Amino acid sequence: MLGRWTVLTLLLAFSWFLGGCGASRAVRDPEYARLACAIARSQASADPSAEAVPPVLDRLAGPQPVEVYIEFALAQNPEIHAARKQVEVAAYRVPQAASLEDPTLSVMGFPFVPNVPQTASGRETVRMSATQEIPWVGKLRARAAVAEAEVEVARRRLATAELEVIEQVKRAYYELYFVQRSLRIATDERRLLDEIVKIAQLKYQTGEVSQQDVLRAQLEVSNLENELIRLRQERASTQAQLARLLHVSPETPLAALERLPDDQVPTDLERLYEQAVASRPELHAQLAMIERDRQNLDLARLGYFPDLALTVDWAEMSRRRAMAPTADGLDDVGIGMMVNVPIYRKRLDASVREAEAQTVASAREYDALRDRTVEQVKDLYAQAASQHELIGLFRNEIVPKAEQAFEASLAAYQAGRTDFLQLLDNWRQVLRFQVALARLESQLQQTLAALERLVGGELPGQQSTTESR
């Protein structure tokens, strides 16, 4: 027969086991440990806001290929890190869903004599029972399947986040290229305009033209200077946008290459359709949601079956102060079983119908997303083809002819065969068409970046436009 001290010792040992020797406070994730240290440092810092600013990275300064920035963003972008952690979060829920609930332990003592239970075996002093709930066969497996489907959804969302960051980096990079190119064009044209001003001043000094030509040229210089100021501001803003995606200080002097690689445009629209439907992560995420809802439906159908609860009961009996003369002091041991009775069919039926409806809704959402994907592929493909043709037209026809017209008007103005307004108009056309060509080059790369994100990777069947240069 166990004594009260034995029971107390068992309870203390059980409590120590539950405490886990401090295991509940142990840090198992190294990233969480670094985060906790960073929070502690920021709280102890006199100026925590200064430590919150990302660092300036000199190794990213200066013109870099877009691939360098993409690789760095994939390693450092906080949104991607958050998506990766969400995959871990979902993965850790699988063993939780597949596990039984914790057993329950109850202890009842009877220290107040004579107000204690009495049986033929004697006086009851302590009663202990342990209960374990056991779901119906298949319920744990269904819960684990639901959790695994959530893991797949998280994985696909991570792939989506990576593709979105890649697209955003490319968009910012090619916008920076356009601003840099526009600045270079405007700077070159500023030097040319200075020469025009000198020619106008010389002709005015010799009495060949009026002062209006000089004033108009000087006004054009001021307008161009205003445009240069605006472009410098745009360059700083675009650099800050790209720095945010790279998780570095906006003071990092990021820059695009002076010349873009050969333009690559897709040529096979049908392959684009197939690749987008087969590889777009958002579509795979929606398929995983459909699978999750199907598993939830199986789980709802298992609700018609009862769950079990097994109980083991033990009571310490004592002959001391026992009222029954037959008291032998033998401890009581019992085994019991409880089941819930699923009799409220309306609730169970509604749960199944809800799961069925949710599965159908997810399937229809997949259809809608697939249709939008095909539509967007066609739209971006048409944009890329149009921009590709326009780039060839500008490179081979419009810009060269505008430059020839300007050179002819400059020679004619120097010879006195045309007026200054015609010269300025031809100069403005050269500037406008060169900037328009840079904008088209940037837009084509941005369109291709959006198309790559849509089809889930590298574009098939691309055609180089080197011959059009």
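**Close-up views of a predicted model**

**View 1. Helices α4 and α5.** Helix α4 (residues 66-76) and helix α5 (residues 78-98) have axes that come within 6 Å and cross at roughly 45°. Axes are lines fitted to C-alpha atoms, for helices over the stretch in contact, with angles from 0 to 180 degrees between N-to-C directions. The two helices are therefore oblique to each other (under 35 degrees is roughly parallel, over 145 roughly antiparallel, 65 to 115 roughly perpendicular, the rest oblique). Helices (H or I, at least four residues) and strands (E, at least two) are DSSP runs, numbered from the N terminus. In contact (heavy atoms within 4.5 Å) are Ala73, Leu74, Ala75 and Gln76 of α4 with Pro78, Ile80, His81 and Arg84 of α5.

**View 2. Threonine 311.** Strand β7 (residues 308-318) contains threonine 311, which counts as buried because its relative accessibility is 15% (buried is under 20% relative accessible area, exposed over 50%, partly exposed in between; 1.4 Å probe, protein chains only). Beyond four places in sequence, threonine 311 touches residues including Ser129, Ala130 and Gly334.

**View 3. Confidence.** The mean pLDDT (the predictor's confidence in each residue, from 0 to 100) is 86 for the protein, and 87% of the residues score at least 70. Over residues 464-469 pLDDT stays under 50. Where pLDDT is low, the predicted coordinates should not be read in detail.

**Notes.** This is a predicted model in which local features need pLDDT of at least 70 and side-chain atom pairs count only at pLDDT 80 or more, while totals for chains, interfaces and linings use all residues. Residues are numbered from 1 along each chain as its sequence is written, and side-chain values use heavy atoms, with hydrogens and water left out.
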